[in-house]
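Please look at the sequence and the model as I bring them up.

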Amino acid sequence: MLTPVAPALWAVNAPLSVYGMALGHRMTVVRLPDTALWVHSPIAFSEPLLDELHQLGVLTHIVAPNCLHDTYLKAWISACPKVRFHAAQGFSDHRPDLKITSFLSDTPLPEWDGVIDQLLLRGAPRVNEIIFLHRTSRTLIITDLCFNLGPEMSLLSRLLLTLNDSYGKFGPSRMLRSAIKDPAAFRSSLNHVLRWDFDRIILSHGEIIEHGGREMLRSAFAFI
């Protein structure tokens, strides 16, 4: 199930439909130098997937990267009580029932400092997405900041995604744009991300951008 993307970096895709839109869902896995595994936005829990992770390293960190990606966390928390669960600031306002180990901001935890950089994308408090950079592979890891969906989708999904202004292109959805309440703070955070050294972008929803990611991200947010 897990597909290598770069050294010490894997991804796995799963189906996901939201309000009738076939968004899909990608989970990203980084193996840290001490063989600990760092998992971004897990897909549905299954024993085969857990076994596959155990073959790669020691499952240690699971990250809920924004306040919206919570669908599968409860099952992972129940199945993996020794794993540390990290979430974006404000996550517990939406899911107070989930026990979170730490809340993330701009400073990487010591366990992945120097391997993965991170930044809280300010200005959209309903989302509070944390953007990550896997340094060695020059890979940006994002969640709902942008979609990259199409063209092989059902008619209903194409219609709904077109209404959400997120079909057949790389960029933010209409829903994400509506969540931006402080454009200046959002732009400042985005400018910080654009100064990072990355080429590839792994998205939670849509095809991976293998090359030219920084310029594509810059163009996608030229409106703000």
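**A hairpin and a helix**

Leu133 stands opposite Leu140 in strand S12. What you are looking at is a predicted model. Leu133 lies in strand S11, where Ile131 and Leu133 point one way, while Ile130, Phe132 and His134 point the other.

How do S11 and S12 run relative to each other, parallel or antiparallel? They run antiparallel, joined by 3 bridges. Together they form a hairpin, with 4 residues between the two strands. In that turn, Arg138 has a positive phi of about 55°.

S11 has a further partner to consider. Strand S10 pairs with S11 in the antiparallel sense as well, over 5 bridges. There, Ile116 stands opposite His134 of S11.

Is S11 buried or exposed? Buried means under 20% relative accessible area. By that criterion, 5 of the 5 residues of S11 are buried, so this strand is largely enclosed by the rest of the structure.

Let us now turn to helix H6, residues 183-194. H6 has 12 residues and spans 16 Å from its first C-alpha to its last, close to the expected 16 Å. Which residues of H6 are buried? They are Phe186, Arg187, Ser189, Leu190, Val193 and Leu194. These residues cover an arc of only 165° around the axis, and therefore lie on the same side of H6.

What do the buried residues of H6 pack against? They pack against strands S10, S11 and S12, and also against helix H5 (174-179) and helix H7 (213-220).

Conventions. Residues numbered from 1 in each chain as written. Predicted model: local features only at pLDDT ≥ 70, side-chain atom pairs only at ≥ 80, totals over all residues. Heavy atoms only, no water. Expected span 1.5 Å × (residues − 1). Buried < 20%, exposed > 50% of the residue type's maximum accessible area, 1.4 Å probe, protein only. Arc of directions from axis to C-beta. Contact = heavy atoms within 4.5 Å. Pairing = 2+ DSSP bridges.
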